[in-house]
Amino acid sequence: MNNNYSDTPIFLDYASTTPVDPRVVEAMHPYFSQIYGNTSSIHYYGQKAERSLENAREQLARCMNCQSEEIIFTSCGSESDNLAVRGCALAGRQSRGANHILTTTVEHHAVINTAVQMAGIHGFELEFLPVDQHGIIQPESVAERLRSDTALVSIIYANNEIGSINPITEIGLICRTHNIPFHTDAVQAAAYLPMDTQILNADLISIGAHKFYGPKGVGALYVRKGTPLIPSLTGGSQEFGLRAGTHNTPYIIGLVEAFMLVEQEREERLQKLLPLRARLIEQVLERIPASFLTGHPINRLPNHASFVFDGVDGNELLIALDNSGFAVSSGSACKTGNPEPSDVLLALGITPELAMGSLRVTLGNFTTLDHIDAFLNTLPKVIEQLRQL
Ligand SMILES: *Cc1c(COP(=O)(O)O)cnc(C)c1O
């Protein structure tokens with residue numbers, strides 16, 4: 001790698017995943033081969049695991065300002081989204097004949113594709129809320145489209161591609177007033193934004209540990225008491241009957257430890273990231289002609305920068321940057337071998353040609369000023385080369 005900085009590429013793709021915090025690894029460790037009981041077993045081993053699991057659930061509930069029975073552990077952020085959207089839609093139909101799903105064009109595929117399946121296979125009417133040029137949903141537009149037969153509203157808290165933050169508290173209040181269940185995908189938001197369930201006004205909140213320095217393959221869904229939900233994974237009575245399957249105790253312990261570290265260190269992490277991110281955005285826009293920031297300029301995740309560059313192919317840019325020692329992303333969920341422009345960028349009114357030249361640079365706990373400066377020294381040259389081809 002020729003970033004003149006290190007032998008391994010510099011990781012600037014923390015929105016795709018994060019390394020597990022060593023303190024989290026340490027917290028998980030005993031649960032692999034010492035406290036290994038099945039939480040459903042009656043005996044000593046089962047009880048021990050069960051106690052640890054329930055302690056972890058209580059800790060997470062305290063962090064999210066909710067009751068521990070309102071936390072459902074799942075296998076990932078995608079599963080949480082699936083359970084919320086599918087489970088709530090089916091329950092709404094069963095209990096009150098609800099047939100309408102209200103969501104947005106800027107959701108993660110875990111929400112969009114589940115909603116599309118509910119429409120295609122189960123005949124739900126799917127409606128997409130409009131977004132403004134920064135990808136933000138206005139509360140009034142939710143109020144205008146809510147119906148008595150709306151099964152659920154699902155709106156992403158902070159966008160993974162463009163970083164924009166939605167007014168979840170206000171939207172939640174509107175849904176609450178009309179008694180319509182409201183889900184928010186907070187998988188990307190959980191690393192930085194307030195996660196107090198009483199402030200957010202959401203009935204269902206999805207999180208996934210690997211986006212905040214926890215392990216991959218574990219998530220949680222907050223389900224407000226009284227929210228009707230039909231389980232997708234049926235079997236044993238784990239997770240209050242809402243999610244069958246033997247608990248992945250070590251990973252759940254890891255998720256909760258990572259979440260508590262976010263709570264404890266949020267301010268510190270913000271203070272470190274904000275100036276680095278500000279420098280990155282300012283310098284990219286200054287040094288590179290025909291470059292544009294995507295998403296909201298201020299109301300965005302503190303570690304998140306996303307751009308489009310005129311006359312550049314995003315995939316070629318990623319490859320060129322990888323060869324120069326930088327791991328970054330186009331921002332879009334399906335990137336490899338997919339020449340389509342991102343639906344999220346198109347929803348902002350960006351032309352398909354411009355949307356093809358997208359780049360997402362996301363910072364994290366191990367990002368330094370040297371990393372940013374090395375990147376800023378490389379990116380303009382790489383873009384110039386690609387434009388000349
Ligand atoms: C990563 C992500 C998901 C999916 O989470 P997994 O744990 O990877 O399944 C869902 N929504 C958003 C916004 C994400 O960033």
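Analyst: Start with exposure. Buried means under 20% relative accessible area, exposed means over 50%, and partly exposed lies in between. Keep in mind that this is a predicted model.

User: Why is Cys 76 called partly exposed?

Analyst: The relative accessibility of Cys 76 is 26%.

User: What makes Cys 175 buried?

Analyst: Cys 175 has a relative accessible area of 0%. The cut-off for buried is under 20%. So Cys 175 is buried.

User: How many disulfides does a search of the whole structure find?

Analyst: The search finds 0 disulfides.

User: What makes β7 and β8 a pair?

Analyst: Here there are 5 bridges between β7, residues 204-208, and β8. The rule asks for at least two. Therefore β7 and β8 pair, in the antiparallel sense. In β7, Ile 205 stands opposite Tyr 222 in β8.

User: Which strands form the open sheet, and in what order?

Analyst: The open sheet has 3 strands in the order β9-β10-β12, with antiparallel pairing.

User: Why are β9 and β12 called edge strands?

Analyst: β9 (291-293) and β12 (358-362) each pair on one side only. Neighbouring strands of this sheet are turned by 25 degrees against each other on average, direction ignored. Between β9 and β10, residues 304-309, there are 3 antiparallel bridges. Phe 292 stands opposite Val 308 in β10.

User: Which helix lies across β9, β10 and β12?

Analyst: That is helix α9, residues 249-287. It runs at about 10 degrees to β10.

User: What makes Asn 303 buried, and where is it found?

Analyst: Asn 303 is in the loop between β9 and β10. Its relative accessible area is 4%. That is under 20%, so Asn 303 is buried. Beyond its neighbours within four places in sequence, Asn 303 is in contact with several residues, including Tyr 14, Tyr 192 and Leu 273.

User: Why does Asp 203 count as buried?

Analyst: Asp 203 has 8% relative accessibility. The limit is under 20%, so Asp 203 counts as buried. Asp 203 sits in the loop between α8 (197-200) and β7. Among the residues Asp 203 touches, leaving out those up to four places away in sequence, are Arg 176, Phe 182 and Tyr 222.

User: Now the rings. How many aromatic pairs are there?

Analyst: The structure holds 8 aromatic pairs.

User: Why is the pair of Tyr 14 and Tyr 213 called tilted?

Analyst: The centres of Tyr 14 and Tyr 213 are 6.3 Å apart, with 50 degrees between the planes. Rings pair if their centres lie within 6.5 Å. Under 30 degrees would be stacked, over 60 edge-to-face, and the rest count as tilted. Therefore this pair is tilted. Tyr 14 and Tyr 213 are 199 residues apart in the chain. Tyr 14, at 5%, is buried. Tyr 213, at 3%, also counts as buried.

User: What makes Phe 326 and Phe 375 edge-to-face?

Analyst: The angle between the planes of Phe 326 and Phe 375 is 70 degrees, and the centres are 5.4 Å apart. Phe 326 is in strand β11 and Phe 375 in helix α13. Both are buried.

Key. Residues are numbered from 1 along each chain as its sequence is written. This is a predicted model: local features need pLDDT of at least 70, side-chain atom pairs count only at pLDDT 80 or more; totals for chains, interfaces and linings use all residues. Side-chain values use heavy atoms; hydrogens and water are left out. Helices (H or I, at least four residues) and strands (E, at least two) are DSSP runs, numbered from the N terminus. Axes are lines fitted to C-alpha atoms, for helices over the stretch in contact, and angles run from 0 to 180 degrees between N-to-C directions. Contact means heavy atoms within 4.5 Å. Rings of Phe, Tyr and Trp (its six-membered ring) pair if their centres lie within 6.5 Å; planes under 30 degrees apart count as stacked, over 60 as edge-to-face and the rest as tilted. Buried means under 20% relative accessible area, exposed over 50%, partly exposed in between (1.4 Å probe, protein chains only). A disulfide is a pair of cysteine sulfur atoms within 2.5 Å.
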